[in-house]
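Reader: I would like to learn how to read a helix and its surroundings. Please take me through an example.

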Amino acid sequence: MTVLAWMDDWQMSARLAKLSTTYSYQLKFCESLIKLPEPDTQILIIIDLRNMQENDLKQIQDIQNKNNIFIIGYTQLIDGGQVKYYKTCGCDMVLRRNKLLKNLESIL
(Lines give C-alpha, C1' and ligand atoms only; values in the text may rest on other atoms or scores of the structure.)
Protein backbone atom coordinates (compact mmCIF):
# COMPACT_ATOMS: atom_id res chain seq x y z
CA MET A 1 0.00 0.00 0.00
CA THR A 2 1.11 3.55 -0.72
CA VAL A 3 0.20 6.38 1.63
CA LEU A 4 0.32 9.90 0.21
CA ALA A 5 0.30 12.72 2.73
CA TRP A 6 -0.71 16.22 1.66
CA MET A 7 -0.24 18.18 4.85
CA ASP A 8 1.81 20.64 6.84
CA ASP A 9 1.39 18.89 10.17
CA TRP A 10 4.55 17.67 11.90
CA GLN A 11 2.83 15.52 14.50
CA MET A 12 0.67 13.71 11.93
CA SER A 13 3.69 13.35 9.60
CA ALA A 14 5.79 11.79 12.35
CA ARG A 15 3.02 9.36 13.25
CA LEU A 16 2.62 8.36 9.60
CA ALA A 17 6.39 7.87 9.25
CA LYS A 18 6.48 5.61 12.29
CA LEU A 19 3.53 3.50 11.08
CA SER A 20 4.86 3.25 7.54
CA THR A 21 8.16 1.93 8.89
CA THR A 22 6.45 -0.51 11.24
CA TYR A 23 4.08 -1.92 8.62
CA SER A 24 6.23 -1.43 5.49
CA TYR A 25 3.90 1.02 3.77
CA GLN A 26 5.34 3.25 1.12
CA LEU A 27 4.94 6.84 2.38
CA LYS A 28 5.21 9.91 0.15
CA PHE A 29 4.67 13.52 1.11
CA CYS A 30 3.36 15.78 -1.64
CA GLU A 31 2.63 19.45 -2.15
CA SER A 32 -0.25 18.82 -4.54
CA LEU A 33 -2.09 15.92 -6.05
CA ILE A 34 -1.42 16.83 -9.67
CA LYS A 35 1.32 14.23 -10.20
CA LEU A 36 -0.12 11.11 -8.62
CA PRO A 37 1.61 7.82 -9.30
CA GLU A 38 -0.28 5.30 -11.39
CA PRO A 39 -2.10 3.08 -8.90
CA ASP A 40 -0.52 -0.37 -9.12
CA THR A 41 -1.33 -0.85 -5.43
CA GLN A 42 -3.87 0.57 -3.04
CA ILE A 43 -3.31 4.29 -2.45
CA LEU A 44 -4.48 6.07 0.66
CA ILE A 45 -4.34 9.86 0.52
CA ILE A 46 -4.47 11.78 3.79
CA ILE A 47 -5.19 15.49 3.39
CA ASP A 48 -5.10 18.31 5.93
CA LEU A 49 -8.20 20.28 4.94
CA ARG A 50 -7.30 23.25 7.13
CA ASN A 51 -5.92 25.51 4.36
CA MET A 52 -7.58 24.03 1.27
CA GLN A 53 -8.44 26.43 -1.54
CA GLU A 54 -11.09 25.82 -4.21
CA ASN A 55 -8.51 24.70 -6.78
CA ASP A 56 -7.13 22.20 -4.23
CA LEU A 57 -10.61 20.79 -3.67
CA LYS A 58 -11.00 20.53 -7.46
CA GLN A 59 -7.88 18.30 -7.54
CA ILE A 60 -9.52 16.02 -4.97
CA GLN A 61 -12.66 15.78 -7.11
CA ASP A 62 -10.58 14.97 -10.19
CA ILE A 63 -8.97 11.93 -8.56
CA GLN A 64 -12.04 10.77 -6.64
CA ASN A 65 -13.19 8.35 -9.31
CA LYS A 66 -9.87 6.58 -9.82
CA ASN A 67 -9.79 2.96 -8.70
CA ASN A 68 -7.64 1.90 -5.77
CA ILE A 69 -7.58 5.40 -4.23
CA PHE A 70 -9.16 6.20 -0.85
CA ILE A 71 -9.10 9.79 0.41
CA ILE A 72 -9.19 10.80 4.08
CA GLY A 73 -9.53 14.47 4.92
CA TYR A 74 -9.05 15.87 8.39
CA THR A 75 -9.18 19.19 10.19
CA GLN A 76 -9.02 20.42 13.77
CA LEU A 77 -12.73 21.14 14.25
CA ILE A 78 -15.48 20.00 11.93
CA ASP A 79 -19.26 19.87 11.99
CA GLY A 80 -21.76 17.75 10.09
CA GLY A 81 -22.27 20.32 7.34
CA GLN A 82 -18.55 20.51 6.68
CA VAL A 83 -18.28 16.71 6.60
CA LYS A 84 -20.99 16.58 3.90
CA TYR A 85 -19.31 19.37 1.94
CA TYR A 86 -15.88 17.71 1.94
CA LYS A 87 -17.42 14.39 0.98
CA THR A 88 -19.03 16.05 -2.05
CA CYS A 89 -15.57 17.45 -2.83
CA GLY A 90 -14.20 13.91 -3.08
CA CYS A 91 -13.14 12.81 0.39
CA ASP A 92 -14.20 9.27 1.22
CA MET A 93 -13.80 9.90 4.94
CA VAL A 94 -13.61 13.16 6.93
CA LEU A 95 -12.43 13.18 10.54
CA ARG A 96 -11.35 15.48 13.30
CA ARG A 97 -7.58 15.66 13.61
CA ASN A 98 -7.42 14.18 17.11
CA LYS A 99 -9.69 11.28 16.13
CA LEU A 100 -7.51 10.50 13.12
CA LEU A 101 -4.32 10.66 15.20
CA LYS A 102 -5.82 8.35 17.81
CA ASN A 103 -7.09 5.82 15.26
CA LEU A 104 -4.49 6.12 12.51
CA GLU A 105 -3.00 2.68 13.08
CA SER A 106 -6.36 0.89 12.85
CA ILE A 107 -7.42 2.98 9.84
CA LEU A 108 -4.27 2.08 7.94
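Reader: Which residues are exposed on the other side of helix 2?

Author: Exposed means over 50% relative accessible area, buried under 20%, and partly exposed in between (1.4 Å probe, protein chains only). On that side of helix 2, E54 and N55 are exposed. This is a predicted model, where local features need pLDDT of at least 70, side-chain atom pairs count only at pLDDT 80 or more, and totals for chains, interfaces and linings use all residues. Residues are numbered from 1 along each chain as its sequence is written, and side-chain values use heavy atoms, with hydrogens and water left out.

Reader: Which residues of helix 2 are buried?

Author: Helices are DSSP runs of H or I with at least four residues, strands are runs of E with at least two, and both are numbered from the N terminus. D56, L57, Q59, I60 and I63 are buried in helix 2. Seen down the axis, these buried residues fall within an arc of 150°, so they line one face of the helix; the arc is that of the directions from the helix axis to the C-beta atoms.

Reader: What do the buried residues of helix 2 pack against?

Author: Contact means heavy atoms within 4.5 Å. The buried residues of helix 2 pack against strand 1 (2–6), strand 3 (43–48), strand 4 (69–75) and helix 3.

Reader: Which salt bridge does R97 form?

Author: A salt bridge is a side-chain nitrogen of Lys or Arg within 4 Å of a carboxyl oxygen of Asp or Glu. R97 pairs with D9, their closest N and O atoms being 2.8 Å apart. R97 lies in helix 4 (residues 97–107) and D9 in the loop between strand 1 and helix 1 (10–23), so the pair ties together parts 88 residues apart in sequence.
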